[in-house]
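Let's take a walk through a protein model together. Have a look at the picture first, and then we'll go through it piece by piece.

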Amino acid sequence: LLSNPVDRIDLPQTPSQAWRVALHPSGKSMVIGTPKGPARWVRGQTLKLPPGLESLPQRPCVTYSPDGQYLVFAPAEGGLELWDGGINRLIAAWRPRDEGAILALGFQAGTLWACCARGLVQSLTLPDLRQGTSWRFKPLAAAAFSGDMTRLAAGDDAGHVRLYESMGRLL
């Protein structure tokens, strides 16, 4: 638990809005997704937040690759950036046109999968983010990949939630 004052992080607040964070697989650091980019915090050190940080309703997604080699930062307005695990260098970016925010991210054998709000599910090779296999749904409100990447749960604004196998086959 919190052992000293630098182990506590205070961020701007908005009721019912959580800041999205990613814990590094080592457990020694984490990243907070901010509208100004990823902010890395190392246990025992003071977090340096971007200046002028505001609490906006849309929050970026962040997630580490299982081995901690990469961090994916997905801005609320769409697209994604691939960073090295220490958040020192931007490696590649993917900016699809008019696909909306990234709702879900997952890693599978050298591939990053992204599910976008407008229904696109896209595979991207690591580390160059070249587009591979894709399929499309109707616009989505929420999505999540299973841990083993064999399923995708997708929900729409009408309240329907469906479970899909790989390649978009309905279960």
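How many nonpolar, polar and charged residues does the lining of the second largest pocket have? Keep in mind that this is a predicted model. The count comes out as five nonpolar, three polar and two charged residues. You can find them by name: the lining is made up of Pro38, Ala39, Arg40, Trp41, Val42, Gln45, Thr46, Lys48, Gly86 and Ile87. The space inside this second largest pocket is about 170 Å³.

Now for the largest pocket, which holds about 220 Å³ of space. It has 15 lining residues, and the ones closest to its centre are Arg20, Gln58, Arg59, Ala101 and Leu103. Sort the whole lining by class and you get 11 nonpolar residues, along with two polar and two charged ones.

Next, let's turn to the strands. Four of them make an open sheet, and if you go across it you meet β4, β5, β6 and β7 in that order, with antiparallel pairing. Strands β4 (61-64) and β7 (90-94) sit at the edges with a single partner strand each, so one side of each has no neighbour in the sheet. Going from one strand to the next, the twist averages 15°.

Zoom in on one pair: β6, which covers residues 80-84, runs antiparallel to β7 and is joined to it by four bridges. Here you can find Leu82 standing opposite Ala92 in β7.

Technical notes: Residues are numbered from 1 along each chain as its sequence is written. This is a predicted model: local features need pLDDT of at least 70, side-chain atom pairs count only at pLDDT 80 or more; totals for chains, interfaces and linings use all residues. Side-chain values use heavy atoms; hydrogens and water are left out. Two strands pair if DSSP finds at least two bridges between them. Helices (H or I, at least four residues) and strands (E, at least two) are DSSP runs, numbered from the N terminus. Axes are lines fitted to C-alpha atoms, for helices over the stretch in contact, and angles run from 0 to 180 degrees between N-to-C directions. On a 1 Å grid over the protein atoms alone, a cavity is a set of points where a 1.4 Å probe fits but cannot get out, and a pocket is an open set with protein on both sides within 12 Å along at least five of seven lines; lining residues have an atom within 4 Å of a point. Grid points are joined across faces, edges and corners, and a volume is the space filled by probe spheres set on the points. Ala, Val, Leu, Ile, Met, Phe, Trp, Tyr, Cys and Pro count as nonpolar, Asp, Glu, Lys and Arg as charged, and the others, Gly among them, as polar.
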